[in-house]
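Please look over the sequence and the model below before reading on.

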Amino acid sequence: MMCAETAKGDWWARVIGGQIGGAFSHESEHDLALMVSDFLENGCSSGADSWCSSDSDSGLSDLHHLADKISFYKRTVAQYESDLLLTVHSLVQSIKETDLHCVKSGLCNASCINFSLVKLLRLSGYDAAVCASKWQGSGKVPGGDHEYIDVVNCINAGSSERVIIDVDFRSHFEIARAVDSYDRILKSLPVIYVGSLNRLKQYLQDMAEAAKSSLKQNSMPLPPWRSLAYLQAKWYSPYQRQFGPDYQNLSSVDSSDHKQCGGHLRRLQSSLRFETEGERLMKPINSDNNWRAKFERRKHSLFRAL
């Protein structure tokens with residue numbers, strides 16, 4: 001059956017606006033456009049009445065369970081990752097629009113911000129680089145490419161681990177007509193992901209499940225570009241590390257293609273401030289301070305009794 005025309009417009013707006021998540025090569029853009037068209041024509045199983053955003057009772061419990069898991073992942077962070085997260089937040093807030101570089105033609109999809117952040121991280125002593133991953137389409141999973149940052153952390157002699165940084169993390173999980181509880185889960189995700197590949201995999205598994213649950217409540221199938229296999233391909237595919245933009249090719253870049261970079265940076269910085277303020281308001285009073293206050297009161301009471 002045909003989907004509602006408004007639904008089609010919404011899907012195509014997301015494709016054209018680059019909100020399907022990640023950067024695409026010209027070939028993968030074409031493949032994905034064909035897949036979206038086929039999905040809209042043949043994949044939707046109901047009409048306009050199904051495009052609602054309310055939770056069913058069964059789906060609500062599933063999404064609440066996933067929300068608890070997301071909250072747990074955010075609390076259980078290794079010390080190195082926690083320290084790096086604070087550094088990344090501080091450095092991103094320090095970036096000015098004049099610091100951004102035009103690094104390639106066409107939509108940059110945060111490339112300018114990535115390279116600016118890598119420069120600041122390397123000046124701060126981190127082994128950071130922009131990672132450009134690429135994968136071929138397979139079955140129902142479209143091919144594509146993606147850019148993110150990694151920091152190589154040397155644990156001991158001959159041993160190291162990669163810490164992944166993605167400055168546009170939430171955009172990878174945006175779906176059309178999400179139910180309310182899914183939107184709350186999406187907004188609970190970190191604005192910038194900083195962490196190991198193992199912890200990232202946990203986020204991807206739960207967000208793919210949450211998207212499937214949300215879409216199911218609206219009688220909609222899971223699009224292939226929101227499948228777990230496609231999400232994992234972005235960060236688990238072969239990649240090349242780059243420490244800076246290719247300045248030899250910058251002369252051919254049209255600066256008008258990068259007008260969105262400044263807006264992207266402003267939105268990112270605003271989201272970080274909002275996230276930081278929200279976490280500060282939700283943070284419980286320091287239990288150690290409570291213990292010290294009780295100890296002081298008891299000590300004074302004992303002295304008075306003597």
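In which loop does V179 lie? V179 belongs to the loop between β3 (159–166) and α6. The model is a predicted one, and in it V179 is buried, with a relative accessible area of 0%. That value falls under the 20% limit used for buried residues. V179 and N218 are 39 residues apart in sequence, yet their C-alpha atoms are 8.3 Å apart in space.

The loop between β3 and α6 also holds R177. R177 counts as partly exposed, at 34% relative accessibility, whereas V179 is buried. The backbone at R177 has a phi near 55°, a positive value in a residue other than glycine. Most residues other than glycine have a negative phi.

S219 is placed in the loop between α7 and α8. With 38% relative accessibility, S219 is counted as partly exposed. P221 is in the loop between α7 and α8 too, and P221 is partly exposed, with a relative accessible area of 29%. From P221 to A211 the C-alpha distance is 9.8 Å, at a separation of 10 residues in sequence.

Two packed helices are described by the angle between their axes and the distance between the axes. For α7 (residues 197–217) and α8 (residues 228–236), the axes come within 9 Å and cross at roughly 155°. Angles over 145 degrees count as roughly antiparallel, and α7 and α8 are therefore roughly antiparallel to each other. The crossing in which α7 passes α8 is right-handed. On the α7 side the contact is made by L197, N198, L200, K201, L204, Q205 and A208, and on the α8 side by L228, L231, Q232, W235 and Y236. By residue type, the contact of α7 with α8 consists of 8 nonpolar, 3 polar and 1 charged.

How many residues does the largest nonpolar core have? This core has 28 residues, and those with the most contacts inside it are F173, Y182 and L189. Two or more residues are given to this core by each of α3 (57–75), α6 (180–188), α7 and α8. The largest share, 8 residues, comes from α7.

Leaving aside residues up to four places away in sequence, L189 touches I70, K74, F169, R170, F173, Y203, M207 and E275. A second, separate core has 27 residues, including A128, V151, L268 and L272.

The axes of α4 (residues 79–94) and α9 (residues 259–282) come within 9 Å and cross at roughly 135°. An angle over 145 degrees would count as roughly antiparallel; α4 and α9 are therefore oblique to each other. The crossing in which α4 passes α9 is left-handed.

One more loop residue is S124, found between α5 (111–123) and β1 (128–135). S124 is partly exposed, with a relative accessible area of 41%. S124 and T87 are 37 residues apart in sequence, and their C-alpha atoms are 9.1 Å apart in space.

Some totals for the protein remain. There are 10 helices and 5 strands. The protein has 306 residues, of which 42% count as buried. Among contacts with a separation of 6 or more, 75% are between residues 24 or more positions apart.

Definitions and conventions: Residues numbered from 1 in each chain as written. Predicted model: local features only at pLDDT ≥ 70, side-chain atom pairs only at ≥ 80, totals over all residues. Heavy atoms only, no water. Axes fitted to C-alpha atoms, helices over the stretch in contact; angles between N-to-C directions. Helix = DSSP H or I, 4+ residues; strand = E, 2+ residues; numbered from the N terminus. Parallel < 35°, antiparallel > 145°, perpendicular 65-115°, else oblique. Left-handed = near helix turned anticlockwise from the far one by under 90°. Contact = heavy atoms within 4.5 Å. Nonpolar A, V, L, I, M, F, W, Y, C, P; charged D, E, K, R; others polar. Buried < 20%, exposed > 50% of the residue type's maximum accessible area, 1.4 Å probe, protein only. Core = buried A, V, L, I, M, F, W, Y, C linked by side-chain atoms within 4.5 Å.
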